Amino acid sequence: MTKSPEIVIEVKDLCKTYFMSGGASQVVLKHLSFKIYSGEFVAIMGHSGSGKSTLMNILGCLDRPTTGGYFLAEEPVAQATDAELADIRGSKIGFVFQNFNLMMKRTIADNVSLPLIYQGVSDHERRERAIEMLKRVGLEGYENRLPTQISGGMQQRVAIARALINNPKIIFADEPTGNLDTRTSDEIMNLFADLNKQGITIVLVTHEEDVADYAKRLIKITDGQVEYDGPRKDYHP
Ligand SMILES: Nc1ncnc2c1ncn2[C@@H]1O[C@H](COP(=O)(O)OP(=O)(O)OP(=O)(O)O)[C@@H](O)[C@H]1O
Ligand SMILES: [Mg+2]
């Protein structure tokens, strides 16, 4: 008997409106619905301003939808409190940003082990686990450097090591290669592909067709709605 794949993300009729001071508002996400299964590699594409980062911030538990449902590993999180969202971010998911978001005055090891501070892990264990994660992303021996002493591609590897430190089942990345040259982008994408082979679900936003080619599934967002959702190989812009 084959086991049906586990749903890791379910978005149901999700809407997001930003309310600005002075009473203005902007509807950004309009009735999105989709499921993502364990082990998938999904690229999200769409024009600038189409709502990709807004969606990623909700999926990554950095923000909440205005209406609609969001289930992460079957847990409803659309109405979670700030503290609950922080808890989920610290334990279930990893997030990688375009600009790496590293603490520039702290060592690589401190950056990677940061998420463990909130769990009360000892200094010694944090360092051990940071070194282990750095090995996983090909940065063995770099633990004592500062982010300013390594290249942009290496800084993104550090950010990926930080995203991995809690053994998440899913990693979200918003334009992770946006600040990198083509060769370095390929290296980072190969790293994501390896992590995906190890069973981690990957959801990433990109503007670049070559980067999207690493994914098996594409979700194209146009004006806050899903324009295409299917195999990457069947979508030709
Ligand atoms: N915090 C916010 N408050 C108000 N409006 C916002 C906020 N964040 C985003 N927006 C608006 O929502 C729309 C979608 O923004 P979003 O950042 O999700 O787009 P995007 O698809 O990620 O674009 P890009 O490709 O340029 O990164 C834009 O019109 C933007 O101005
Ligand atoms: Mg964006």
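Helices and strands here are DSSP runs, numbered from the N terminus. With that in hand, welcome to a few close-up views of this predicted model.

**View 1. The shell around ligand 1.** Let us start with the ligand and its surroundings. Which element gives the most to the shell around ligand 1? That is α1, with three residues. The shell counts 14 residues, and Q26, S48, G49, K52 and T54 come nearest to the ligand. By kind, the shell residues divide into nine polar, three nonpolar and two charged.

**View 2. Polar atoms beside ligand 1.** Zooming in, you can find Q26, with a polar side-chain atom 2.9 Å from an oxygen atom of ligand 1. The backbone takes part in this picture too: a polar backbone atom of G51 lies 3.0 Å from an oxygen atom of the ligand, and one of S50 lies 3.3 Å from an oxygen atom of the ligand. How much of ligand 1 does the protein bury? Taken alone, the ligand exposes 630 Å², and the protein buries 62% of that. Two or more residues of the shell come from each of β2 (25–37) and α1 (52–59).

**View 3. The open sheet of four strands.** Follow the strands across this sheet and you meet the order β2-β1-β4-β5, with antiparallel pairing. At the edges are β2 and β5 (75–76), each pairing on one side only. Strand β1 (residues 7–19) is joined to strand β4 (residues 67–72) by five bridges in the antiparallel sense. To find this pair, look for C15, whose bridge partner in β4 is T67. Helix α1 packs on the sheet and touches β1, β2 and β4, with its direction at about 55 degrees to that of β2.

**View 4. The open sheet of six strands.** Here the order is β6-β7-β8-β3-β9-β10, and the pairing is mixed. Why is one side of β6 (93–96) and of β10 (225–231) left without a neighbour in the sheet? Both stand at the edges and each has a single partner strand, so one side stays without a neighbour. On average, neighbouring strands of this sheet are turned by 15 degrees against each other, direction ignored.

View 5. Strands β3 (residues 41–45) and β8 (residues 201–205) run parallel, joined by four bridges. Look for A43, whose bridge partner in β8 is L204. Helix α1 packs on this sheet, touching β3, β6, β7 (170–174), β8 and β9 (217–222), and its direction makes about 155 degrees with that of β7. Helix α5 (residues 152–164) also packs on the sheet, where it touches β6 and β7; the direction of α5 makes about 165 degrees with that of β6.

Key:
Residues numbered from 1 in each chain as written. Chains lettered and ligands numbered in written order. Predicted model: local features only at pLDDT ≥ 70, side-chain atom pairs only at ≥ 80, totals over all residues. Heavy atoms only, no water. Near = heavy atom within 4 Å. Polar contact = N/O pair within 3.5 Å; in protein donor to acceptor, adjacent residues only side chain to side chain. Areas by Shrake-Rupley, 256 points an atom, 1.4 Å probe, with all protein chains shown as cover. Nonpolar A, V, L, I, M, F, W, Y, C, P; charged D, E, K, R; others polar. Pairing = 2+ DSSP bridges. Contact = heavy atoms within 4.5 Å. Axes fitted to C-alpha atoms, helices over the stretch in contact; angles between N-to-C directions.
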